[in-house]
Amino acid sequence: MLSVLLAAGCFLTGCPKNDAATEVPVVTVMTHDSFDIGKEVLDMFEKEHGVRLRFLKSGDAGAALNQAILSSEHPLADIFYGVDNTFMSRALAADIFVPYSSPLLSSIDESLVLDKNHRLVPVDYGDVCVNYDRAWFELKGIPVPESLGDLIRPEYSGLLVVENPATSSPGLAFLLATVGTFGEDGFVEFWQALKNNHVLVTDGWEDAYWGKFSAASKGGRPLVVSYAASPAAEVYFAEKPPETAPTAAMTGSGAAFRQIEFAGILKGARQPELARRVIDFLLDTPFQQEIPLKMFMFPANRNARLPEVFTEHARLAHGPVVLSPEIIAEKRDAWIRAWTETVLQ
Amino acid sequence: MDTGVDRDRASVRTSGNHAAILLVALPLAFLGVFYFYPLFEIFSVSLAPAGQLDPGNITALFSTGSSLRILWFTTWQAALSTVLTVTLALPAAYVFARYRFPGKSLIQSCTAIPFVLPSVVVAAAFSALLGDRGLVNEWLMGIWGFSAPPIRLDQSIAFILTAHVFYNFTVVLRIVGGFWSRLHPGLSHAAQVLGASPWQAFWKVTFPILRPGIMAASLLVFIFCFSSFGVILILGGPRYATVEVAIYRQAMHLFNLPMAAALSLLQICFMFAFMWVYTRLQRSASVPFTPESLKTTQRDIVSNTDRVMVWGTVFFMLVFLGSPLLALVVRSLSTGSGMSLLYYRSLFENAGQSVFYIQPALAIGYSVGFALVTLAMSLCIGLPVAIFLSRDRGRATSLLDPLFMLPLATSSVTLGFGYIIALDEPPLNLRASLIIVPLAHTLVAYPFVVRSILPGLRSIPAHIRESALLLGAAPGKVWWKVVAPMVRRSLAVGAVFAFTVSIGEFGATIFLARPETPTVPLAIYRFLGQPGAMNYGQAMAMSTILMLVTAAGFLFLEKLRTGPEGEF
């Protein structure tokens with residue numbers, strides 16, 4: 001038994017791939033579960049710079065950031081990718097990033113650059129909003145809701161499922177959309193009305209979308225909080241690509257919150273010079289053009305071309321809610337508490 | 001004469017004490033390095049960031065009363081889940097302990113399959129079956145003309161309890177059933193011949209002997225439900241929170257590490273106190289009896305009563321445990337264009353040329369590899385602990401028994417963070433090593449080994465061991481030749497649990513596994529992370545594969561257990 005254990009232990013710890021022997025420097029990127037990238041683009045970058053990228057996925061965005069902060073004394077990685085604007089202030093307050101003004105920032109949409117010191121640079125963005133099941137509304141002959149205000153009307157009673165803002169990042173983004181639209185004084189009242197209109201709350205996006213949304217599974221609700229790009233994913237991941245997406249997003253003014261994802265170089269990075277090249281790579285068009293179909297977000301680089309399925313089926317919100325990261329950091333806990341007291345208790 | 005025997009016993013005891021210390025040295029060292037040290041680190045970072053303890057967080061815990069409310073909910077739902085599980089599984093344990101019938105060991109093994117399924121998948125299975133638009137409701141609405149779904153389980157406490165019973169049925173069935181099968185049926189028969197009713201015979205004779213087994217199983221179920229996470233989050237919805245869920249929310253989403261740490265401390269202290277009481281009760285509960293061969297304790301199905309009992313039980317288990325699993329398999333095969341293997345085929349294609357594409361074979365390989373290493377380590381840790389605890393050593397037992405169970409009741413978020421900050425320097429720079437995953441799994445798996453073996457070990461009458469010693473056998477020989485054969489069966493049960501716990505573990509794995517070493521549950525979550533029918537279908541297909549791999553693992557372990565010379 002012991003020998004089995006020792007053998008297994010040796011197998012598990014003692015066989016690192018011979019990176020040291022070939023002397024290829026490794027840059028580690030810490031990120032969340034949803035991060036994805038294609039082989040071709042990655043190979044190209046690695047060949048060009050004689051470097052190997054290692055990705056460390058550490059749970060969802062919140063879990064990953066927490067680990068980056070906790071391990072700041074002995075950083076696990078050189079780069080962190082996946083801080084969004086709701087977590088940004090916390091990340092900056094923890095002082096774990098060093099500034100780098102990449103030359104590629106000139107092609108990045110300026111409205112997305114929230115940290116003027118460039119410790120965190122925007123890589124991609126997406127709008128969180130309500131998605132609806134097209135077939136359901138056609139079948140029932142009910143017009144689809146067009147604004148947040150519509151959702152509290154009696155014809156939409158019992159149709160909406162949202163995520164808990166305390167546990168889900170789209171949930172928090174949607175709460176922020178309501179704060180932006182109805183104001184700090186009005187959003188509680190709106191949620192009270194939504195509650196009276198039988199809104200259903202789940203803890204995470206997976207359960208809301210797969211468990212309760214009528215267009216995705218056996219769920220019974222035709223309205224769900226998701227991303228404005230989700231309909232494109234429905235088409236891309238369909239068994240046979242349909243002409244029109246089975247779902248659509250409610251992208252009217254004030255109905256969405258714009259989530260922006262950032263990347264930055266971690267303090268104490270072992271390969272600071274190469275880490276800068278990685279940031280350039282993340283902002284440059286080859287990787288930027290990967291983002292839509294890998295992560296179903298929009299590229300931050302204005303020069304990146306969108307794939308057809310995106311231009312056809314994914315939309316950006318008109319006039320999405322924008323709140324400064326400082327305000328979010330200051331008020332988030334209070335807003336979530338108010339929400340919890342109104343909706344869950 | 002008497003004094004002579006006493007002196008022998010005393011010498012056995014002192015030499016036993018040295019051996020005992022050696023026995024627990026390895027498990028204690030393991031616990032110290034991989035449990036207490038990371039825990040201490042995360043607690044000191046969270047609660048005393050400037051090197052000084054800030055008691056504000058502890059007092060804040062009790063100031064609003066919400067923490068106590070959460071603790072109360074956690075406790076009663078776990079207690080109720082435990083009572084329900086034991087009540088429903090006890091008759092099945094009886095049938096599996098007393099009867100021989102075709103397909104028995106396969107059915108018995110497969111009851112552990114729910115254990116490995118991620119809660120998102122179990123939730124999907126239950127929703128497909130019992131949800132508002134699930135099969136049962138659609139059928140009821142179709143036949144009886146209900147206008148609304150008659151069964152409304154979504155986001156209710158009933159759904160939580162059902163899922164807990166579904167998950168833990170196997171724990172009671174295997175631990176109590178295994179124990180029961182060693183008990184001579186003659187005892188109960190004798191009582192009935194002497195005029196006791198069957199109920200009296202059970203309550204007065206069988207139950208007291210079975211009690212250690214029932215208690216061991218109940219304890220595992222209780223702790224499991226106490227630290228329940230995914231089931232509460234997904235099936236219960238956001239209204240319900242266990243301490244574990246509260247820790248997760250505080251740590252991950254509110255970034256309130258001090259509060260999360262304080263809650264973890266509360267969880268650990270409560271469990272320690274609970275375990276301490278349990279240990280006191282348990283120690284006095286053991287009734288020694290000589291384990292019998294299965295040849296004498298089990299019988300074939302003869303009468304109609306036998307038939308009704310056996311097949312009735314099997315039918316109940318198939319419906320209750322089997323139908324949600326079957327619903328998953330059906331979902332994995334039903335594509336938009338009828339039944340096909342489309343989702344399975346697409347598992348083998350890396351359509352987007354993603355760097356993170358997970359080859360099913362690779363994920364299975366890592367899952368099984370981690371599970372086997374976990375199994376080996378859990379036996380190395382769990383077996384000495386069980387042997388140590390099987391003898392009453394006074395205070396040492398009542399302190400160490402609860403201590404060894406604590407990892408099972410500790411929040412995986414807390415421990416995961418602890419690993420990140422504690423195991424980051426040589427010689428313990430394990431954060432990037434492969435071994436860290438089975439290490440974390442072992443912490444939750446070895447308590448199952450301990451609890452599976454302990455009731456059997458404790459009930460072995462002292463005189464059997466002592467006679468062997470008096471006849472000149474060395475202590476080691478007594479263990480291998482006398483004790484080990486008697487507990488081999490429960491050892492196998494413990495091994496199956498260790499394997500299963502590892503295959504299904506998700507909470508710690510998502511922190512610690514690297515993208516290059518994915519496990520099957522991680523692959524399932526990856527598919528569920530994005531919209532689209534193909535993703536859902538592939539998640540269901542991967543879940544089905546996980547069930548098959550698990551079942552295959554069980555069959556293999558069963559083969560090992562029965563061995564060439566057959567069962568004892």
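Chain A holds 14 helices and 11 strands. The model is predicted. For the complex, the predictor reports an ipTM of 0.78 and a pTM of 0.83.

**Chain A as a whole**

Chain A has a radius of gyration of 22 Å. A compact globule of 345 residues would come near 20 Å, so the value for chain A agrees with that rule. The C-alpha trace of chain A spans about 70 × 55 × 45 Å along its principal axes. Of the 345 residues in chain A, 53% are buried. Contacts in chain A also reach across the sequence. Among those with a separation of 6 or more, 76% join residues 24 or more positions apart.

**Two domains in chain A**

Chain A splits into domain 1 (18–125 + 260–313) and domain 2 (126–257 + 316–343). Where the two domains of chain A meet, 16 residues of domain 1 are in contact with 18 residues of domain 2. On the domain 1 side, helix 5 (88–93) and helix 13 (308–313) of chain A are the elements that give two or more residues. That side of domain 1 is made up of 10 nonpolar, four polar and two charged residues.

**Helix 10 of chain A**

Helix 10 of chain A covers residues 272–283, which is 12 residues. From first C-alpha to last, helix 10 reaches 17 Å. That is close to the 16 Å expected at 1.5 Å a residue. Several residues of helix 10 are buried, including A:Ala275, A:Val278 and A:Ile279. A:Phe281, A:Leu282 and A:Leu283 are buried too.

A:Asp95 has a positive phi although it is not a glycine. A:Phe296 is not a glycine either, and its phi is also positive. The table sets out their values.

| Residue | Phi | Other C-beta atoms within 10 Å |
|---|---|---|
| A:Asp95 | about 60 degrees | 11 atoms |
| A:Phe296 | about 55 degrees | 27 atoms |

A:Asp95 sits in the loop between helix 5 and strand 4 (97–98) of chain A. A:Phe296 is in the loop between helix 12 (291–295) and strand 11 (298–299) of chain A. Is A:Phe296 buried or exposed? A:Phe296 is buried, because 27 other C-beta atoms lie within 10 Å, and 20 or more are required. A:Asp95 is exposed, because its count is 11 and the limit for exposed is 12 or fewer.

**Where chain B meets chain A**

The contact between the chains takes 59 residues from chain A and 56 residues from chain B. Several helices of chain B each supply at least two residues to its side, among them helix 5 (119–130), helix 10 (230–236), helix 16 (360–390) and helix 24 (533–562). The chain B side divides into 32 nonpolar, 16 polar and eight charged residues.

**Confidence in chain B**

The pLDDT of chain B averages 83, and 94% of the residues score at least 70. Among the elements of chain B, helix 3 (residues 66–98) has the highest mean pLDDT, 92. Helix 2 (residues 56–63) of chain B has the lowest, 70. Over residues 1–12 of chain B the pLDDT is below 50. Beyond near neighbours in sequence, that stretch has one contact in the model. Residues 563–568 of chain B also have a pLDDT below 50. There the stretch has five contacts beyond near neighbours in sequence. Where pLDDT is low, predicted coordinates should not be read in detail.

Conventions:
Residues numbered from 1 in each chain as written. Chains lettered and ligands numbered in written order. Predicted model: local features only at pLDDT ≥ 70, side-chain atom pairs only at ≥ 80, totals over all residues. Contact = placed C-beta atoms within 7 Å. Helix = DSSP H or I, 4+ residues; strand = E, 2+ residues; numbered from the N terminus. Nonpolar A, V, L, I, M, F, W, Y, C, P; charged D, E, K, R; others polar. Domains from an automatic or database assignment. Expected span 1.5 Å × (residues − 1). pLDDT = per-residue confidence, 0-100. Rg over C-alpha atoms; globule rule 2.2 N^0.38 Å.
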